[in-house]
Amino acid sequence: MSDWRKELGGILEGRARASRAEQENAQFDAFLQQVAAPALNDLATELQQHGRDAQVRTLPAAIQLVVRHGEAEEIAFRVLKRSVPNGLVPFAEVRLRKGLRLVKTESVFRDPPAPATIEEIQPDDVIRCFLKHYRMVLDAEQG
């Protein structure tokens, strides 16, 4: 069995990758609890004061704010993660109403050139991103 060293290396490297994924999941869960959830809960509270039905839901590996006005869903704003070589990059998956259609798009919390990592994003960045997309919904209703 001349390849046992290669097999042992593969086993150990596989465990290291799994632990990196576990570390990233724990880091993202902390981000959701400490940054995204407070921002989305603040938005939901404010939207409710303006007559909107706004619900924050925690999902596996994500958190989502859904805003309804009457029977229509205006926007669903979901915070997700993408793993890149220098860390985790949180982003928003947004489903919004434009007239009679629902349009799905992705958005970063800070503008390029480089996407901001999870350590750099603050609740204000999440709120700013939501407002940019929610403004589109309301502009489409008026236009």
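Which residues of the largest nonpolar core touch the most other members? In this predicted model, select Phe 31, Leu 65, Phe 77, Val 79 and Phe 130, which hold that place among the 32 residues of the core. Next, colour helix H1, strands E2 (62–69), E3 (72–84) and E4, and helix H2 (123–142), each of which supplies at least two residues of this core; the largest share, 11 residues, comes from H1.

Now centre the view on Phe 77 and display what surrounds this residue. Leaving aside neighbours within four places in sequence, Phe 77 is in contact with several residues, including Leu 40, Ile 63, Leu 65, Ala 92, Val 94, Phe 109, Val 126 and Phe 130.

Strands pair in a sheet through backbone hydrogen bonds, either parallel or antiparallel. Here the sheet is open and has five strands in the order E1-E2-E3-E4-E5, with antiparallel pairing, and its edge strands, E1 (53–59) and E5 (101–108), each pair on one side only. Neighbouring strands of this sheet are turned by 20° against each other on average, direction ignored. Select E4 (residues 87–98) together with E5, and you will find them paired in the antiparallel sense over eight bridges, with Ala 92 standing opposite Ser 107 in E5.

For the last stop, select Glu 24, which lies in helix H1 (residues 4–49). Glu 24 counts as buried because its relative accessible area is 13%, where the cut-off for buried is under 20%. The side chain of Glu 24 makes a polar contact with the side chain of Ser 83 (3.2 Å), and, not counting residues up to four places away in sequence, Glu 24 touches Lys 81, Ser 83 and Leu 88.

Terms used: Residues are numbered from 1 along each chain as its sequence is written. This is a predicted model: local features need pLDDT of at least 70, side-chain atom pairs count only at pLDDT 80 or more; totals for chains, interfaces and linings use all residues. Side-chain values use heavy atoms; hydrogens and water are left out. Two strands pair if DSSP finds at least two bridges between them. Helices (H or I, at least four residues) and strands (E, at least two) are DSSP runs, numbered from the N terminus. Axes are lines fitted to C-alpha atoms, for helices over the stretch in contact, and angles run from 0 to 180 degrees between N-to-C directions. Buried means under 20% relative accessible area, exposed over 50%, partly exposed in between (1.4 Å probe, protein chains only). A polar contact is a pair of N or O atoms within 3.5 Å; within protein, one must be able to donate a hydrogen and the other to accept it, and residues adjacent in sequence count only if both atoms are side-chain atoms. Contact means heavy atoms within 4.5 Å. A nonpolar core is a set of buried Ala, Val, Leu, Ile, Met, Phe, Trp, Tyr and Cys residues joined through side-chain atoms within 4.5 Å.
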